[in-house]
Amino acid sequence: MISEADWKHFKQVKADALDRCCQQVLDDVRKGIDDPELSNHAKYLYLYKLMENSDKRIANIFDYNARSKAMLQLALMKSDGLLETKQISGFSDELQSFINSRD
């Protein structure tokens with residue numbers, strides 16, 4: 001379980017990481033739609049699969065809002081490249097060590 005101060009910071013970090021994750025998905029959507037090599041059907045299939053996989057990824061990392069899940073979520077965010085160094089530095093030394101040991 002994380003401290004109250006870490007929990008407060010986690011809630012903002014989680015919101016920022018979710019926004020960053022969604023931006024990555026939207027960038028991938030644009031890439032697929034703008035690909036002149038793909039037929040409209042291929043674009044549709046690309047987008048369908050992308051959204052299906054993205055939904056699973058987002059659910060895996062961001063679903064649940066409980067202090068007991070925060071450390072796991074931070075580890076998943078870190079492994080997915082969704083955390084910035086300055087965000088990690090806002091946590092307690094103990095939690096920073098845990099997050100950084102997940103490289």
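In this predicted model, helices H1 and H2 are roughly antiparallel to each other, because the angle between them is over 145 degrees. That angle is about 170 degrees, and the two axes lie 10 Å apart. On the H1 side, the contact draws on Lys14, Ala17, Leu18, Cys21, Cys22, Gln24, Val25, Asp28, Val29, Lys31, Gly32 and Ile33. H2 answers with Lys43, Tyr46, Leu47, Leu50, Met51, Ser54, Arg57, Ile58 and Phe62.

H3 counts 13 residues and covers 19 Å between its first and last C-alpha, close to the 18 Å expected at 1.5 Å a residue. Its buried residues are Ala70, Gln73, Leu74, Ala75, Met77 and Lys78. These buried residues pack against four helices, namely H1 (4-33), H2 (40-62), H4 (85-88) and H5. After H3 comes Gly81, with a positive phi near 75 degrees.

The crossing of H3 past H5 is right-handed. Met71, Leu74, Ala75 and Lys78 of H3 meet Leu95, Phe98, Ile99 and Asn100 of H5. This contact is made up of 6 nonpolar residues, 1 polar and 1 charged. Leu74, Ala75 and Lys78, which take part in the contact with H5, are also among the buried residues of H3.

Key. Residues are numbered from 1 along each chain as its sequence is written. This is a predicted model: local features need pLDDT of at least 70, side-chain atom pairs count only at pLDDT 80 or more; totals for chains, interfaces and linings use all residues. Side-chain values use heavy atoms; hydrogens and water are left out. A crossing is left-handed if the near helix is turned anticlockwise from the far one by less than a right angle, and right-handed if clockwise. Helices (H or I, at least four residues) and strands (E, at least two) are DSSP runs, numbered from the N terminus. Contact means heavy atoms within 4.5 Å. Ala, Val, Leu, Ile, Met, Phe, Trp, Tyr, Cys and Pro count as nonpolar, Asp, Glu, Lys and Arg as charged, and the others, Gly among them, as polar. The expected span of a helix is 1.5 Å times one less than its number of residues. Buried means under 20% relative accessible area, exposed over 50%, partly exposed in between (1.4 Å probe, protein chains only). Axes are lines fitted to C-alpha atoms, for helices over the stretch in contact, and angles run from 0 to 180 degrees between N-to-C directions. Angles under 35 degrees count as roughly parallel, over 145 as roughly antiparallel, 65 to 115 as roughly perpendicular and the rest as oblique.
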